[in-house]
Amino acid sequence: MEAGPLRRLRRPAWAAQRPTWVDAKPGIIRAALRRALERPTGGWYVIAGSREVRPGRAFGRIVAGRELVAWRDEAGTLHAGPGACPHLGAALCDAPVHRGRLVCRWHGLALGPDGRPGWRPLPAYDDGVLAWVRLDEGGLPTDTPVLGPRPPGDRSIPAVATVIGRCEPEDVVANRLDPWHGAWFHPYSFTALRVLSAPPPDCPATEDRFLVEVTFTVGRHLGVPVHAEFTCPDARTVTMRIVDGEGTGSVVETHATPLRPGPDGLPRTAVIEAVVAHSDRPGFGHAQRVAAALRPLMGAAARRLWRDDIAYAERRYELRSRP
C-alpha cells in the first residue's frame with residue numbers, strides 16, 4: 001500500500017530553532033537578485049489571473065504607470081489596450097463588452113481588437129493561468145512571455161492571489177530569493193527548513209537555483225516534507241517548484257507587476273502569485289472535481305503568507321531608499 005504524504009511533526013519551539021542568519025549571506029542574495037534583474041522579460045507583464053478577465057466584462061489595471069484594459073472577445077480570446085477612451089478619455093475598466101468589443105459608457109464608442117486612430121490594442125497572452133500584456137519599452141520584445149516549468153494542465157489545479165505593496169518589483173524578487181526566512185517568518189506554514197544549496201555569486205546559468213528541504217505544516221502536529229527549487233525565469237518572476245516529495249511538479253509563481261505611485265508618492269507593486277497544485281496520486285482526480293471550492297482556499301493561503309512577505313519587501317524598499 002502506498003504511504004501517505006503526511007508525517008508527524010517533531011519541531012522545536014519557535015525560539016529554539018536553528019538560526020539561519022549565518023547562512024543567509026547578504027552577498028549571495030544580492031548576487032542572485034542582480035542576475036535575476038538582468039534576465040529579459042520580452043516586455044511582458046502579468047496583468048491578472050486568467051479567471052479575473054471574464055467574458056462580457058472589462059478588467060482594468062495600471063501597469064508600469066500606464067492605464068490598461070483587458071477583455072475577451074466572443075471566442076474567449078484575450079485582448080488588451082489603453083484604458084482611456086480616445087474620444088474624451090473615459091475609463092474603459094468598467095466598459096461593457098458587446099460582440100467582442102468594448103463599448104464606452106460615456107458616448108457608446110465601440111473599440112475592438114482592430115483598434116482605431118488614437119487607440120491601438122497591445123499584445124496580450126493568456127497562458128491558461130495568468131493574463132499578460134506586452135509593453136514595448138526597451139529591450140527585445142518576444143512573441144510570448146518567458147514561462148518557467150509547469151505541471152500538465154489536465155492534472156493540476158491553479159489558483160491566483162494578488163497583494164499590493166509599497167515597494168518595487170525588485171523588493172518582491174529579493175524576498176523570494178531569501179529562502180532562509182521561511183521557518184522563522186512563517187512558522188504557521190513551514191518547519192524543518194534547510195537550504196541544501198545556494199548559487200555562488202559567480203555561478204553559471206545552469207546552476208542558478210536555490211534547493212531547499214522543507215516541511216509544509218498541516219495543522220499543529222502533521223506536515224508534508226518536500227524538496228523545492230527556486231529559480232527566476234525573468235526579471236520580475238520567481239518560481240518555486242517541488243522537485244521531490246508529495247506534489248512533485250507543483251509550482252508557485254510569484255510575479256511582481258509595477259503599478260504607479262500611491263497618494264503618498266511611494267511606488268506600488270502588485271504581487272500576483274499563481275499556485276499550480278499537481279499530484280500523480282489517483283485520488284487527486286477527486287480534488288480536481290471540487291477545484292472551484294479549493295481555489296479560494298489556495299488563494300487565501302497565499303495571501304496569508306504575503307501579508308508577512310509584503311512587509312518584508314516594504315521594509316527592504318524603505319531601507320534602500322533612505323538618504
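Author: A word on terms comes first, since the elements named below rest on it: helices (H or I, at least four residues) and strands (E, at least two) are DSSP runs, numbered from the N terminus. The model itself is predicted.

Reader: Which element gives the most to the lining of the second largest pocket?

Author: This pocket, with a volume of about 410 Å³, is lined by 20 residues, and the closest to its centre are R18, T191, A192, L193 and R194. Two or more lining residues come from each of β1 (7-8), α3 (182-185) and β12 (190-197). The element that gives the most, with five residues, is β12.

Reader: How many residues in the lining of the second largest pocket are charged?

Author: The lining divides by residue class, with nine nonpolar and four polar residues among its members. The remaining class, the charged one, has a count of seven.

Reader: What is the volume of the largest pocket, and how many nonpolar residues are in its lining?

Author: The space in the largest pocket comes to about 1,400 Å³, and of the 47 residues that line it, F216, I242, V252, V275 and A301 lie nearest its centre. Helix α5 supplies the largest share of this lining, with eight residues. The lining includes 11 polar and seven charged residues, while the number of nonpolar ones is 29.

Reader: How many residues of helix α2 are buried, and which elements are included in what covers them?

Author: Helix α2 spans residues 169-176 and is mostly covered, with seven of its eight residues buried, where buried stands for under 20% relative accessible area. Those buried residues are P169, D171, V172, V173, A174, N175 and R176. What covers them includes α1 (26-37), β14 (222-234), β15 (237-245), β16 (251-258), β17 (269-278) and α5 (291-321).

Reader: In the open sheet of three strands, why is one side of β6 and of β8 left without a neighbour?

Author: The sheet is open, its order is β6-β7-β8, and the pairing is antiparallel. Strands β6 (97-98) and β8 (110-111) each have a single partner strand, so one side of each has no neighbour in the sheet, because both stand at the edges.

Reader: Which residue of β7 is the bridge partner of H98?

Author: Strand β6 and strand β7 (residues 101-103) run antiparallel and are joined by two bridges. For H98, the bridge partner in β7 is R101.

Conventions
Residues numbered from 1 in each chain as written. Predicted model: local features only at pLDDT ≥ 70, side-chain atom pairs only at ≥ 80, totals over all residues. Heavy atoms only, no water. Pairing = 2+ DSSP bridges. Buried < 20%, exposed > 50% of the residue type's maximum accessible area, 1.4 Å probe, protein only. Contact = heavy atoms within 4.5 Å. 1 Å grid on protein atoms, 1.4 Å probe; cavity = no way out; pocket = protein on both sides within 12 Å on 5 of 7 lines; lining within 4 Å. Points joined across faces, edges and corners; volume = space filled by probe spheres on them. Nonpolar A, V, L, I, M, F, W, Y, C, P; charged D, E, K, R; others polar.
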